[in-house]
Amino acid sequence: MKRLEVLKTYKIYIGGQFPRTESGRYYTPKNKSGEVLANVCLSSRKDVREAVSAARAAFGGWSAKPAFNRGQILYRIAEVLEGRKAQFINELMKQDASSAQAEAEVSLSIDRLIYFAGWCDKFQQVFGSVNPVASSHFNFSVPEPTGVVSIVAPQENSLLGLVSVMAPVIAGGNTCIILASEMKPLCSVTFAEVIHASDVSGGVVNILTGNPNELVKYLADHMDINAIIYCEKDAATQQIIQEKSSLNVKRAIFYDSINWKKEEAENPYLIMDTQEIKTTWHPIENIGGAKSGY
Amino acid sequence: MVATNTTHTIPDFSLSARIDQVGVEERAKRFTARSIKAETKVNGLKLALNMIDLTTLEGKDTDGKVKQLCYKAQHLHDTYPGLPTVAAICVYPSMVAVAKKALGNSGIKVAAVATAFSSGQETKSVKISDTKFAVAQGADEIDMVISRGKFLQGEYNFVFDEIAAIKEVCGTARLKVILETGELGTYDKVRKASDIAMYAGADFIKTSTGKIVPAATMPVTLVMLEAIRDFYYKTGKKIAMKPAGGISKSKLALHYLVMLQETLGNGWMNNEWFRFGASSLANDVLMQLEKERTGVYQSANYFSID
């Protein structure tokens with residue numbers, strides 16, 4: 001007798017838990033050969049709201065972690081992903097990738113995590129500065145995380161794209177809500193399990209599945225989100241995002257021409273996109289005599 | 001003002017109604033399953049806001065903190081037109097004068113916790129002078145704690161007499177009796193303590209000090225509401241209710257209002273007869289109201305700090 005396969009329920013990931021969508025809705029993405037990939041949660045605005053609350057609650061702890069420790073945790077995500085490579089290759093192939101493409105995408109995703117893990121405790125030194133001022137102050141600028149970031153992940157390269165956008169955001173100490181690729185969501189949900197098993201505290205990364213056209217409004221106009229990242233070229237959606245973002249002056253960031261497979265996706269400026277610069281004036285004894293200029 | 005000249009036959013409190021735990025908990029759960037749509041929700045939220053006793057009861061309270069709270073009570077969120085104010089400010093007796101002055105003629109009442117709040121482990125004379133002081137300072141309401149230790153020892157007369165004695169020195173101030181249900185242990189005891197408090201002269205019965213977990217829960221509040229209902233049927237006298245502690249979300253506050261409406265009816269649906277003892281609830285209600293008005297989920301950054 002043929003064994004009945006036990007199919008996985010693809011649920012969403014909010015605040016370190018795997019709930020079903022509050023709305024009870026689902027959709028059935030198909031691959032090119034018309035095969036149904038899974039019943040996937042069609043998240044609602046209330047799921048977005050819950051995810052934002054979780055991300056906000058997690059922000060204090062995550063941003064206060066030593067930068068070096070955040071690097072260790074990103075490295076740990078890469079380790080766990082490496083260990084589950086086969087599962088991801090399998091899911092990517094279901095989502096129409098060839099075996100060579102799938103293998104390459106997973107490997108590159110792991111490498112990308114390692115790349116940003118390394119930057120965690122270094123970008124502050126590269127982008128921070130000590131500034132020359134005329135008065136007797138020690139004046140320095142350091143980057144600090146902007147807060148809660150919503151991400152509409154790239155629709156193609158659903159694993160690599162998601163990892164590439166997420167890594168610089170959390171490396172910089174932000175927390176995030178990610179809306180996974182709509183039609184290729186399998187590996188995004190499985191990636192949530194990797195995150196869950198990697199010392200990332202609940203709420204730092206939240207992953208929803210659903211329809212970007214429905215949810216982008218809420219990801220853009222929520223007053224408690226500080227930045228939104230959108231990765232498609234769709235001009236109409238970009239305009240909506242810009243308009244809604246103006247409500248609380250959130251950063252609207254469009255990565256619509258980055259090729260995630262290329263080296264251009266690996267640079268520390270991506271971390272800086274979700275950082276704010278804090279400048280401190282620290283009074284010191286008059287050092288004008290030293291003519292140092294600081 | 002409640003008439004104090006009516007005399008009731010004091011019942012035997014050992015015969016207070018027994019509570020069916022499973023029944024009460026199931027019943028309380030039902031109240032959370034009502035569908036409340038936009039307009040009703042907004043009205044409910046405004047009512048909840050108007051029922052809040054904005055509270056600060058910390059050892060670290062300063063005049064400045066109390067003044068700030070009083071300012072908040074009068075200016076909850078000025079960008080929202082037509083908002084009600086909260087019902088009262090709840091502070092320690094030493095802060096009553098400060099609060100009174102800061103609130104002026106805004107109509108917001110000042111409640112003072114007295115009788116050796118929050119443990120109540122003091123002698124009767126200390127409790128009475130504590131209450132007298134608060135009343136003399138101008139408190140409109142007195143929140144007293146019962147002697148839970150004596151109650152648990154079965155000395156119901158002691159508890160009764162103490163409440164009656166405090167009521168006597170309250171003058172025109174309304175008396176809220178805190179049962180501290182988290183320390184009583186069973187619903188039976190909550191019911192018994194409610195009966196004792198009401199017959200001894202309480203104007204309000206209140207669940208908790210907010211210093212003990214669990215504080216107010218829906219089943220405990222339901223037991224107390226039903227005690228109020230039975231007392232009303234028996235004596236014709238209305239008693240007010242104040243759940244306190246642990247109610248910090250608008251949704252939960254709406255559940256409480258549903259429970260109040262379905263247990264005691266419209267006569268109790270105003271801040272003379274029902275209060276929420278809370279500090280962070282106000283901001284959550286404001287955020288929900290603003291969400292309904294603008295259609296946009298709100299951030300705590302744009303509301304006053306508690």
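Which residue in E9(A) stands opposite Tyr230(A)? Phe254(A) does.

The views below show a predicted model; local features need pLDDT of at least 70, side-chain atom pairs count only at pLDDT 80 or more, and totals for chains, interfaces and linings use all residues. Residues are numbered from 1 along each chain as its sequence is written, while chains are lettered from A and ligands numbered from 1 in the order in which they are written.

**Figure 1. The open sheet of chain A has 5 strands.** The strand order is E7-E6-E5-E8-E9, and the pairing is parallel. Strands (E, at least two residues) and helices (H or I, at least four residues) are DSSP runs, numbered from the N terminus. Two strands pair if DSSP finds at least two bridges between them. Strand E7 (205-208) and strand E9 (251-254) stand at the edges of this chain A sheet. Each has a single partner strand, so one side of each is left without a neighbour in the sheet. From one strand to the next, the twist averages 15°. Strand E8 (residues 227-230) of chain A pairs with E9(A) in the parallel sense, over 4 bridges. Tyr230(A) and Phe254(A) stand opposite each other in this pair.

**Figure 2. Strand E6 of chain A is largely enclosed by the rest of the structure.** 5 of the 5 residues of E6(A) are buried. A residue is buried if 20 or more other C-beta atoms lie within 10 Å of its own, exposed if 12 or fewer, and partly exposed in between; C-beta atoms are placed from the backbone. In a regular strand the side chains alternate between the two faces of the sheet. Both faces of E6(A) are covered. Thr175(A), Ile177(A) and Leu179(A) are buried on one side, Cys176(A) and Ile178(A) on the other. E5(A) runs parallel to E6(A), joined to it by 5 bridges. Val149(A) has Cys176(A) as its bridge partner in E6(A).

Figure 3. Axes are lines fitted to C-alpha atoms, for helices over the stretch in contact, and angles run from 0 to 180 degrees between N-to-C directions.

Figure 4. Asn157(A) sits in the loop between E5 and helix H6 (158-171) of chain A. It counts as buried because it has 23 C-beta neighbours inside 10 Å. The loop holding Asp199(A) runs between helix H7 (186-196) and E7 of chain A. With 14 C-beta neighbours inside 10 Å, Asp199(A) counts as partly exposed.

**Figure 5. Helix H9 of chain B is largely enclosed by the rest of the structure.** H9(B) covers residues 187-200. Its 14 residues should span 20 Å at 1.5 Å a residue, and its end C-alpha atoms are 20 Å apart, which agrees. The expected span is 1.5 Å times one less than the number of residues. In H9(B), 11 of the 14 residues are buried. Among them are Tyr187(B), Arg191(B), Lys192(B), Asp195(B) and Met198(B). Just after H9(B), Gly201(B) takes a positive phi of about 120°.

**Figure 6. Two cis peptide bonds lie in chain B, from Phe117(B) to Ser118(B) and from Val213(B) to Pro214(B).** Omega is near 0° at Phe117(B)-Ser118(B) and near 0° at Val213(B)-Pro214(B). Ser118(B) is in the loop between strand E3 (109-114) and helix H5 (124-136) of chain B. Pro214(B) is in the loop between strand E6 (204-206) and helix H10 (218-235) of chain B.

**Figure 7. The largest nonpolar core has 95 residues.** A nonpolar core is a set of buried Ala, Val, Leu, Ile, Met, Phe, Trp, Tyr and Cys residues joined through C-beta atoms within 7 Å. Ile89(B), Ala99(B), Val177(B) and Ala197(B) touch the most other members. H10(B) gives the largest share of this core, 9 residues. Ala99(B) touches Val66(B), Cys70(B), Ile89(B), Val91(B) and Val110(B), not counting residues up to four places away in sequence. Such contacts need C-beta atoms, placed from the backbone, within 7 Å. A second, separate core of 85 residues includes Leu42(A), Trp119(A), Val163(A) and Trp260(A).

Notes
Two residues are in contact if their C-beta atoms, placed from the backbone, lie within 7 Å.
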